[in-house]
Amino acid sequence: MESKGGNERVIVAFQDSEAFDTGLVGELVGLFHSWQGRIQFSVLFGIATSVELFQARLLKSTARLLYGAQFDVVQANAVLENVIMVAVAGTEAKLRIGPELLRKLVRRQQEQVAGVGAFVSSLKYAYINHFYANPLSVLLANGDKLDNEILQPEHLEAVRMLESFKSHVELAVEAGQLDHAQKLLEDDDYLRNHILEQLPKRQNYLKRLLQSLALATATELSKRSFIGLYEAALEEGVSLDHPPRPFDLGDAIKRSNPEELIGLIDRVMTTIEEGNLSLGWGGIDDDQDAEAAIKRFKELRFDVERLIAESKGKGASLKSKYSSQSKVLRTTVVAQKVQLSRDTATLTDEDNAFTEAIDSFFAFVKELVGCEPLSSLFLHEVWQYDYHLPYEDVFVPRPGGAFARALSRPHDYLGCACCDKANGSLAGTLPATSILYHLYSEAGALINVADLWAAYYALVGDESEIGMDERSALVLFYRGLAELRAMGFMKQSKKKADHIAKLKWL
Amino acid sequence: MPPKKATNLKPAVRASRKRSPPSDPYKIPEEDENETPKRRRHANQDPEDEKAPANEAVVSTPSASRLKKAVATPIKLNGLNGVDTPSRRNNADRSARRKSARALVDRVISGAISDDEAEEGDIAREIYESSEDEDNEEEEENQHGETEPTTPSKPAAGRKRKATASTTARKRSPTPPRDLPPHEQYFYQNKPGLSKTSSNTLSSLQLLTHDEYFSLLRDLAPKNPHNSDISHLQSLHASSFPQWAFELSQGFSTCLYGYGSKRHLLHQFATYLSSHPPCQSSQTNKIVIVNGYAPSFTTREFLSVLSSAVSLPICTSLPPLLSFLSSRPKTTLTILLNSVTAPPLRKSSFQSLLSTLASHPQVYFCCTSDTPDFGLLWDSALSTSFQFLFHDCTTFASFSPSELEVVDFVHELLGRKTRRVGGKEGVAFVLRSLPENAKSLFKLLVGEVLCADDTGQGQEEVAVEYRMVYNRAVEEFICSSEMAFRTLLKEFHDHQIITSHKDVLGTEMLSLPFRKEELEGILEELTA
């Protein structure tokens, strides 16, 4: 229970009201009520079940004292989706978070129940990493600012190393543009101009991507969440054609009945005109295109409405050849016996016209929805960040593994010549703590320090290659033991004299 | 149910169990399944033939193997600490033996063996044979009766297990399996009966004194063959300073973990930050390095140092400090904390104070952790406000004496007296400077702890209830109020001659950090 004090109002919050003693709640509410004249009390209950159940638990007299309002908690997933729409997918996002990293981030949110704050700082760190570690991120600057001073020859050299540059040149060679390819490879100025040309292309790509996504979500027919669609769009591109893809909307559109189709057309038209606010995409901004598209959709809508009216006049329901109702199961009752007969409904002229309308709608939508995967773009490395390892290292560390590795294979960190041969096994040249750790991990749950010392001394003592005298070895032994204890590996055991108990299994 | 024939045959089988095992019991499971029943039948048909060599086997084969074992690991001969109820166990074993014998006989009589049954027969035979081993061993033990006064069944069971393991086809190797995942290893090593260690002690070894430790260390430290590698590693870490400073400036906190002392590294980082502050150029940055490993660390002191760093009149609570910072946007504070997992810092109240500090926009926070368990310090709310970025900073650098009191630490681990506590002499010295009633209170405490030690045998640490001691002290007119009692205890706490903690139920418990013999010595001295 937490309370916030104010001059006039006291807010008392009960987290997890189900776990609270009902009698106590009743008394408290009564007490608050009796003070109502002087102090304003607001009581906030966290209810995991339902308001009705909560009310049923309270006494009637208590319930009467409460004047309630219900606030629904927004689902964490919905919050996350909103954040992603604006900050990851939206036009404002300068950097595209790649599908792999995005998937990891979302999974961490869902599995570790981290708050949205954790997601935001992960996002921030991805930006930091990109701009800190990728020198080509400078190309994201506006074209005017990219003069010779900023864009150094080293940058151009680095661009020529990129995967996307290679595939771009290869494509050019295949297409027979040998001159273009050669200039890209040799002429710095040509390459520089070509790089500057990418900015509008990038913006076009982004528009196309967001348009596809906005329209695909506007149909409300996809089974996947927006996040899933976005990941797929970056990874595989958007295309309505191929059935196994996530953007497989064709069947769903074709199966819709006339009323649904009108709803669909309406939604698509609004999206074309107004865009999607959360994505920061303002609709198709080329007026001519937008008008043409709207005109086509309006005509289509008019046709469909006319067909509905006509078929209503004839007393039949409008259907297309795709709808499952084209086959009808007919039941006839003859002398108290039910007869079933299958009957393929013949399509009327209106039905055929409606089928055509659906087909043309799908064709329109297909024209508007569709884009390439991000990785097919020239210079996509500059504005896509898709490395999950730095993220995992920094946010989800594995300290146990790091300690175990340092102690069991010091060579990995020290790179010293002497411990090279040990390669993860025991050797006298290892640091004392490391030797003790090896012995420690071989021992059982209870360790005799006298035996530990004997084993240690056998490795580094007079008769070994190291040849240390007993007292010096003992000093190092002491230090190793103390360090292991400080790291929480062992504690004193009173079961036997000079014994220690193992505490960690890394 | 076994058919009648079997019951008729039972005495014969029993006899063979007692005295005439098959000539070579250890080979059977390795042999072909089809062969075994024949041998069995043979053994049952004419037991008389088998008797003579069987007896020999009883005497020679197992004892030889057992002797070998005994030589290799002498622990087991005198390590008889098992507590078990032998009679019940034996009874259970007997009936299992009887059943398995019966099953074997049945099989032999009916003659036919299907594939499933073969498997079953294996188990039965194993039980049967293991009991034979045990019989032999029991005999052996009786022979060795003089050297081993008690023969509880548990060590015998262990021995039997090993004996069969080395011989039967199903290998149960006594050496621990390697490369198990950590959790499997935990369960393997905590198996009851597995924790057998020798009873060697360090009594023959002269333990190090502080003086000897430090004088030897002074000679040893420059000779460490890894010195150059360690400094190279440190320089690698130092190359990430700009990155860490940038991360700090972006509102993240950093946590450096990994094996080795990071004190020097953090110091270097502080030097770097003083010339490249993470704040904007218009702001002034104050750097505070806090040594969490210092045993005398207190929150009060920590806050007063922070407030003096930002030139605020000394304050010992957080809100004024934060509001002071907020009112002065030109001042920023960088806190570099050594050993965030040190015992005095582990309290959740301190960690939440730290997180509140770290979440302030003008405070940059960087800490190091010397243990791998730092993740447990922060729940999700705390880690959200910390906004930690973790970096692996394994340095391999050795800990300085102020970070780690090696000799005391090891002696504490071994249960020896340490310098800090001062042992018996230390107590006498402390008590000499205290008033009379403090002496009598300590005497009372020692008496109570010894009393509790006598009654509650086998406990890890003997502690007495705070309330009970207080009541006794009042009864004996040592003190009249709880206030006075607390003052006396505080004196003991300051000299570290008592320790207190809360048990699982939340009752305050007092205990003395001495071994029983030492306590007895102290009591003698006090009563004298």
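Which helix of chain B does Q268(B) lie in? Q268(B) belongs to helix α13 of chain B, which covers residues 263-275.

Q268(B) counts as partly exposed because it has 15 C-beta neighbours inside 10 Å, whereas a buried residue needs 20 or more. Along the chain, Q268(B) and A238(B) are 30 residues apart, yet their C-alpha atoms are separated by 7.7 Å.

**Chain B as a whole**

Chain B has 528 residues, of which 30% count as buried. Its secondary structure consists of 23 helices and eight strands. Among the contacts in chain B with a separation of 6 or more, 75% are between residues 24 or more positions apart.

The average pLDDT of chain B is 72, and 64% of the residues score at least 70. Two stretches of chain B have a pLDDT below 50, as the table shows.

| Stretch of chain B | pLDDT | Contacts beyond near neighbours in sequence |
|---|---|---|
| residues 1-86 | below 50 | 92 contacts |
| residues 112-118 | below 50 | six contacts |

Where pLDDT is low, the predicted coordinates should not be read in detail. For the complex, the predictor gives an ipTM of 0.78 and a pTM of 0.66.

**Where the chains meet**

The contact between the chains takes 56 residues from chain A and 56 residues from chain B. On the side of chain A that touches chain B, the elements that each supply at least two residues include α6 (116-133), α18 (399-408), α21 (449-460) and β10 (499-502). The largest share of that side, eleven residues, comes from α22(A). By type, the residues of the side of chain A that touches chain B are 35 nonpolar, twelve polar and nine charged.

In soluble globular proteins, nonpolar side chains tend to be buried together. The largest nonpolar core in this model has 139 residues, and L213(A), F477(A) and Y478(A) touch the most other members. Helix α22 of chain A, residues 470-486, gives this core its largest share, ten residues. What does Y478(A) contact, leaving aside its neighbours within four places in sequence? Y478(A) is in contact with L208(B), Y213(B), V406(B), V407(B) and V410(B). Another core, of 25 residues, lies apart from the largest one, and its members include V427(B), V446(B), L488(B) and F492(B).

Conventions: Residues are numbered from 1 along each chain as its sequence is written. Chains are lettered from A and ligands numbered from 1 in the order in which they are written. This is a predicted model: local features need pLDDT of at least 70, side-chain atom pairs count only at pLDDT 80 or more; totals for chains, interfaces and linings use all residues. pLDDT is the predictor's confidence in each residue, from 0 to 100. Two residues are in contact if their C-beta atoms, placed from the backbone, lie within 7 Å. A nonpolar core is a set of buried Ala, Val, Leu, Ile, Met, Phe, Trp, Tyr and Cys residues joined through C-beta atoms within 7 Å. A residue is buried if 20 or more other C-beta atoms lie within 10 Å of its own, exposed if 12 or fewer, and partly exposed in between; C-beta atoms are placed from the backbone. Helices (H or I, at least four residues) and strands (E, at least two) are DSSP runs, numbered from the N terminus. Ala, Val, Leu, Ile, Met, Phe, Trp, Tyr, Cys and Pro count as nonpolar, Asp, Glu, Lys and Arg as charged, and the others, Gly among them, as polar.
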